[in-house]
Each structure stands twice: as structure tokens, then as C-alpha cells.
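Welcome! Open your viewer, get your selection tool ready, and let us take a walk through this model together.

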Amino acid sequence: MGSLCKVVDTLLLVAFLAAFLMAPLIWAQTVLQETSFPEALIHLKQCYSDDFQDYLMAEKPHFFVALVWLELTFQWPLALLNIYGILASKSWFNTTCLIYGASVITSVSAVLGELIGSHKASEKLLQLYWVFMGAGAGSTI
């Protein structure tokens with residue numbers, strides 16, 4: 001059982017590191033002026049948006065902008081805490097992980113509802129958001 005916990009912790013660490021980096025560098029471009037970001041990051045976001053055909057990033061509907069703000073102000077600090085909690089084996093890690101996972105599942109459910117209901121999402125974009133849902137669910141274990 002101990003080795004399974006280490007594998008799960010490693011997978012969670014990778015997911016938290018990805019969220020920790022993507023939120024301020026990529027997702028924040030949805031809600032902040034693009035001129036605030038280096039050209040390389042703007043290009044990276046555009047490549048992602050084009051590759052996954054992410055119409056939400058392009059159209060910026062109000063609910064999506066609100067979810068990005070939620071990610072930046074609530075989920076991003078929790079991802080940072082969870083990275084520290086894993087690396088330092090903190091006793092509160094399970095609690096912050098559960099809070100993070102519940103928030104991610106709630107946010108991704110709203111986005112998946114839009115993606116599936118609108119019939120505008122590419123298969124690749126849907127697959128990506130299902131991975132996000134899995135990461136949120138994995139955080140609640």
C-alpha cells in the first residue's frame with residue numbers, strides 16, 4: 001500500500017506542478033491584458049488554442065472568465081500548498097487536496113457541460129478536459 005501511495009503522490013505532484021505553471025502563464029491571459037505577458041507565452045497560448053480548437057479561450061464567455069478567476073485566486077494557491085504538502089509530508093495535505101479536487105471537479109463540470117452541450121468542441125479539447133476532470137477526481141482520493 002505504501003508504494004501505491006507514493007505513485008499516487010507522484011502523479012498528483014505532476015498535476016499540481018502543471019496547474020501551478022499553467023494558471024499564471026497561460027490561463028491568466030484570458031483575464032489579463034495580453035500585453036502583460038512575454039511574446040513567447042502569448043504564442044504558446046495561441047498554439048494551444050489553435051491546436052485544441054479551444055473556442056472558450058478565444059470567445060471568453062463570462063462564465064469561463066469567472067472560472068479562470070476562481071482558478072487564479074483559489075485553486076492556484078491550493079496547488080502551491082499541495083506541492084509543499086506532498087514534498088514536506090504535511091498532515092494537512094489530504095484536506096487541502098480534497099478542497100482542491102472538489103473545486104476542480106466543480107469548475108470542469110461547468111466547462112464540460114458547455115463543451116458537450118454546444119457541440120462546438122473538438123474531440124481533442126474534450127479529451128483534455130476529461131483529463132482535467134480525472135486530475136480533480138484523483139485529488140480527492
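Here is a tour in a few stops, each with something to select and something to look at. Keep in mind that this is a predicted model.

**Stop 1**

**Stop 2**

Residues 63-85 are 100% helix and 0% strand, with end C-alpha atoms 31 Å apart. Residues 97-116 are also 100% helix and 0% strand, and here the end C-alpha atoms lie 27 Å apart.

**Stop 2: a pair of packed helices**

Two packed helices are described by the angle between their axes and the distance between the axes. To try this out, show helix α1 (residues 2-25) together with helix α5 (residues 93-118). At what angle do α1 and α5 pack? The angle is about 55 degrees, and the axes are 13 Å apart. Angles of 65 to 115 degrees would count as roughly perpendicular and those under 35 as roughly parallel, so α1 and α5 are oblique to each other. Their crossing is left-handed.

Now show the side chains where the two helices meet. From α1, select Asp9, Leu12, Phe16 and Ala19; from α5, select Phe93, Cys97 and Tyr100. By class, this contact has 6 nonpolar residues, 1 charged residue and no polar ones.

**Stop 3: Thr30 in a loop**

Move on to Thr30, which lies in the loop between α1 and α2 (39-52). Is Thr30 buried or exposed? Its relative accessibility is 5%, and under 20% means buried, so Thr30 counts as buried. Which residues surround Thr30, if you skip its neighbours within four places in sequence? Select Met57, Lys60, Phe64, Val65 and Val68: Thr30 is in contact with each of these.

**Stop 4: Pro77 in a helix**

Finish at Pro77, found in helix α4 (residues 62-87). Pro77 counts as partly exposed because its relative accessibility is 30%, which falls between the 20% and 50% cut-offs. For a last exercise, draw a distance line from Pro77 to Phe37, C-alpha to C-alpha: the two are 40 residues apart in sequence and 20 Å apart in space.

Terms used:
Residues numbered from 1 in each chain as written. Predicted model: local features only at pLDDT ≥ 70, side-chain atom pairs only at ≥ 80, totals over all residues. Heavy atoms only, no water. Axes fitted to C-alpha atoms, helices over the stretch in contact; angles between N-to-C directions. Helix = DSSP H or I, 4+ residues; strand = E, 2+ residues; numbered from the N terminus. Parallel < 35°, antiparallel > 145°, perpendicular 65-115°, else oblique. Left-handed = near helix turned anticlockwise from the far one by under 90°. Contact = heavy atoms within 4.5 Å. Nonpolar A, V, L, I, M, F, W, Y, C, P; charged D, E, K, R; others polar. Buried < 20%, exposed > 50% of the residue type's maximum accessible area, 1.4 Å probe, protein only.
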